[in-house]
Amino acid sequence: MSRDGRVALVTGGSRGIGRAIAATLLGEGFRVSLTARTASAAEGAAGALADEVGGEVLGLAGDVRDPEACRRVVEATVARFGGLDVLVNNAGVGKFASVAEMSLEDWRLQIGTNLDGVFFMSRAAIPHLLRSPDPWILNIGSLAGRNPFAGGAAYNASKFGLVGLSEAMMLDLRHQGIRVSLIMPGSVDTRFGDRPEGEKAGWALRPEDVARAVVDLLGYPAHAHPSRVELRPSRPPRKG
Ligand SMILES: NC(=O)c1ccc[n+]([C@@H]2O[C@H](COP(=O)([O-])OP(=O)(O)OC[C@H]3O[C@@H](n4cnc5c(N)ncnc54)[C@H](OP(=O)(O)O)[C@@H]3O)[C@@H](O)[C@H]2O)c1
């Protein structure tokens with residue numbers, strides 16, 4: 001199917017992986033709405049992408065931890081573009097500490113964003129996706145969803161949980177024609193976890209690598225469903 005004019009909604013599109021996904025989808029002819037917690041971040045990224053890539057892009061404020069905000073960004077996308085074909089659940093946060101040292105606030109931030117947010121956004125989007133001729137939900141998980149690490153309690157819990165949520169949703173929704181896929185990247189060079197961008201330059205994945213996986217998945221014919229992709233740097237630094 002031609003991608004021209006199809007509609008994608010990307011959460012957490014103001015920077016990093018989400019911004020690269022939004023840019024790549026725009027370049028592929030999608031009309032794109034992207035979200036961030038604040039209007040200034042979302043609208044700023046949308047304006048910059050319109051200048052850099054062109055096409056139709058809408059920036060929307062919406063905290064994925066808030067079910068009503070999730071409903072609003074889905075409705076605003078459908079009102080602007082007339083439908084929804086692809087939801088990319090990308091928004092995510094990482095705060096790394098042991099359970100004893102983790103604040104309740106940081107626990108709730110991670111479970112709320114990385115896990116509740118995917119549930120809220122998917123629930124709001126599904127009624128509209130069901131009207132699309134080729135609907136997808138693409139969840140950006142992490143290799144931290146299969147490999148626990150010290151200091152990763154909340155992040156690991158959220159991303160392990162996302163594997164279960166994503167794959168159960170896939171088994172439900174495939175019977176209604178919606179494909180659900182989980183992309184699990186290893187280290188990507190972004191500001192994720194309050195790290196300076198460029199810190200992992202040279203060996204880590206780039207945001208564009210994850211965006212390429214998104215576009216590759218969307219290119220599969222209707223009878224084929226790659227439901228999980230693990231994407232890792234080819235030559236990470238050796239541990240120990
Ligand atoms: N970087 C890595 O090494 C790596 C590896 C594997 C998986 N991932 C996953 O990839 C995804 C994107 O990470 P990234 O590296 O691109 O991080 P990033 O550069 O920190 O970007 C995170 C994005 O999510 C948005 N966001 C955060 N909380 C939100 C909320 N509650 N509601 C709506 N938007 C929110 C941020 O926007 P605002 O701050 O403007 O709201 C920003 O656009 C995450 O799910 C992460 O777990 C990252």
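Here's a quick briefing on the sheet, the helix packing and the aromatic pairs in this structure. The model is predicted, so local features need pLDDT of at least 70 and side-chain atom pairs count only at pLDDT 80 or more, while totals for chains, interfaces and linings use all residues. Residues are numbered from 1 along each chain as its sequence is written, and side-chain values use heavy atoms, with hydrogens and water left out.

**Sheet**

- Seen as a whole, 7 strands make an open, parallel sheet in the order E3-E2-E1-E4-E5-E6-E7. Helices (H or I, at least four residues) and strands (E, at least two) are DSSP runs numbered from the N terminus, and two strands pair if DSSP finds at least two bridges between them.
- Strand E3 (57–61) and strand E7 (228–231) sit at the edges with a single partner strand each, so one side of each has no neighbour in the sheet.
- On average, neighbouring strands are turned by 15 degrees against each other, direction ignored.
- Strand E2 (residues 31–36) pairs with E3 in the parallel sense over 5 bridges, and Ser 33 stands opposite Leu 58 in E3.

**Helix packing**

- Helix H3 (residues 67–81) packs on H4 at about 35 degrees, with the axes 8 Å apart. Axes are lines fitted to C-alpha atoms, for helices over the stretch in contact, and angles run from 0 to 180 degrees between N-to-C directions.

**Aromatic pairs**

- There are 5 aromatic pairs, where rings of Phe, Tyr and Trp (its six-membered ring) pair if their centres lie within 6.5 Å; planes under 30 degrees apart count as stacked, over 60 as edge-to-face and the rest as tilted.
- Phe 96 and Tyr 155 are edge-to-face, because their ring centres are 5.5 Å apart and their planes are at 80 degrees.
- Phe 96 is in the loop between strand E4 (86–89) and helix H4 (104–129) and Tyr 155 in helix H5 (residues 153–173), so this pair ties together parts 59 residues apart in sequence.
- Tyr 155 is buried at 9% relative accessibility, whereas Phe 96 is partly exposed at 35%; buried means under 20% relative accessible area, exposed over 50%, partly exposed in between (1.4 Å probe, protein chains only).
- Tyr 155 also forms a tilted pair with Phe 192, at 5.4 Å centre to centre and 50 degrees between the planes.
- Ring pairs join Phe 96, Phe 149, Tyr 155 and Phe 192 into a cluster.
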